[in-house]
Amino acid sequence: MHTPQETDPKFAVPPLGTPAWRIALLYPAQGSWSETDYFGLAGGPLVEFDNGHIEVLDMPTKEHQRIVQFIFVMIREFLRGKRIGEVFIAPLPMRLWDGKFREPDVLFIKHGRPDYQDSYPEAADLVVEVISPGSDNRRRDFETKRHEYAKAKIAEYWIIDPENAVVIVLKLSGEVYEVIGEFGRGQKATSIELPGFEISVDDCLDSANGER
């Protein structure tokens, strides 16, 4: 004798490999997300919050993460003993303005920022993005985030572009960024917000292969 659960289609076990669509019903519809809903998400792919919407980003590759770790370690070592600020690595939500969060690959925050009081920072002084493969990712880092980080008044923005083997350093000038330098192999990229900080572009790019 079968129980109602066994015969009712709504209780049927879906075939293996079927996406778990019903899980989506546990979450708000796009446009209805709150910051509380966003912070309540379980771990997994990197997720960013935009005015009631969430944006699920591609999972990073090991090559991407090696470059991110290289930049993080270089800044951390530069800061050692200086007591001028802290460097963080994603995932860490950074509020750009009310209703808008991004999670830069690396972010540096100077000590004494008046808005650096909560568990999640309000913008930063320097952010770094390592571009992942794909046109959407390139557009997001080169265009969308460039506009958003400038709007949030982040003083310096580094774009690491492994595909074209360049490190681009941008400095906020008024309400937009200007390119301070596009550094290629054989050169060293230098910072404005961290005077004296520099990285070898060769070392940075080669770190993707575990060579540094």
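Visitor: What makes strand β1 and strand β5 a pair?

Guide: Good place to start! In this predicted model, two bridges join β1 to β5 (residues 100-102). Strands pair if at least two bridges are found between them, so β1 and β5 count as paired. They run antiparallel, and Asp50 has Lys100 in β5 as its bridge partner.

Visitor: How do you know that β1 and β2 pair?

Guide: Strand β1 (residues 47-50) and strand β2 (residues 53-56) have four bridges, in the antiparallel sense, so they count as a pair. Look for Phe49, which stands opposite Ile54 in β2. The hairpin has two residues between the strands, and Asn51 takes a positive phi near 50 degrees there.

Visitor: Why is Lys153 called exposed?

Guide: Exposed means over 50% relative accessible area. Lys153 has 58% relative accessibility, so it counts as exposed. You will find Lys153 in the loop between α4 (135-151) and β8 (156-161). Although Lys153 is not a glycine, its phi is positive, about 65 degrees.

Visitor: And why is Ala165 called partly exposed?

Guide: Buried means under 20%, exposed means over 50%, and partly exposed lies in between. Ala165 has 23% relative accessibility, so it counts as partly exposed. Its place is in the loop between β8 and β9 (166-173). Ala165 also has a positive phi, near 55 degrees.

Visitor: Which peptide bond is cis?

Guide: That is the bond from Ala90 to Pro91, with omega near 5 degrees. Pro91 is found in the loop between β3 (85-89) and β4 (94-97).

Conventions
Residues are numbered from 1 along each chain as its sequence is written. This is a predicted model: local features need pLDDT of at least 70, side-chain atom pairs count only at pLDDT 80 or more; totals for chains, interfaces and linings use all residues. Side-chain values use heavy atoms; hydrogens and water are left out. Buried means under 20% relative accessible area, exposed over 50%, partly exposed in between (1.4 Å probe, protein chains only).
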